[in-house]
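Me: I've just opened this one and could use a quick tour. Can we go through it in a few questions?

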Amino acid sequence: MLDTGLLLIRLVIGLTFAGHGAQKLFGWFGGYGLKGTGGWLESIGVKPGVAMAFIAGLSELVGGLMFAAGVGIWPSAILLAFTMLVAILKVHGQNGYWVTQNGFEYNLTLITVVIGVALIGPGAYVLF
């Protein structure tokens, strides 16, 4: 059951990250694409916005797919945790803890999950 639990966690968290990356990179799933995300990043002082949107989107897409597949669990966890740490430092940290006030609760939860899975290991069900 442990391996099945780890697979479920990896799939949901990893594919959710990949979806967020696709929002930033391609505008899929209701996202704004590179230009829109880059413009928003510029508006909050993160420059150059389009380049930073590309880096964040690529980190989420690649890291999320790797995490879901159980491949390179430490590199993927580090990519994803770092992306969430930047989100806390640049956007959510100033708003306190609770997500209802746009705080960092969700970001910290995701960091904990990806690092926790990396510490445990991906389980038996991995892509290769």
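Predicted model: local features only at pLDDT ≥ 70, side-chain atom pairs only at ≥ 80, totals over all residues.

Me: What pattern does the chain follow along the sequence?

Reply: The chain has 5 helices and 0 strands. So, read along the sequence, the pattern is α-α-α-α-α.

Me: How compact is the chain for its 128 residues?

Reply: Its C-alpha trace spans about 45 × 30 × 25 Å along the principal axes. The globule rule gives 14 Å for 128 residues, and the chain's radius of gyration is close to that, so it's as compact as a globular protein of that length, at 15 Å.

Me: How are H4 and H5 oriented to each other?

Reply: H4 covers residues 73–92 and H5 covers residues 105–120, and their axes lie 9 Å apart. They pack at an angle of about 165°. Angles over 145 degrees count that way, so the two helices are roughly antiparallel.

Me: Is Ile 111 buried or exposed?

Reply: Ile 111 sits in helix H5. Setting aside neighbours within four places in sequence, Ile 111 touches Ala 81, Met 84, Leu 85 and Ile 88. Its relative accessible area is 16%, and the cut-off is under 20%, so Ile 111 is buried.

Methods: Residues numbered from 1 in each chain as written. Heavy atoms only, no water. Axes fitted to C-alpha atoms, helices over the stretch in contact; angles between N-to-C directions. Helix = DSSP H or I, 4+ residues; strand = E, 2+ residues; numbered from the N terminus. Parallel < 35°, antiparallel > 145°, perpendicular 65-115°, else oblique. Buried < 20%, exposed > 50% of the residue type's maximum accessible area, 1.4 Å probe, protein only. Contact = heavy atoms within 4.5 Å. Rg over C-alpha atoms; globule rule 2.2 N^0.38 Å.
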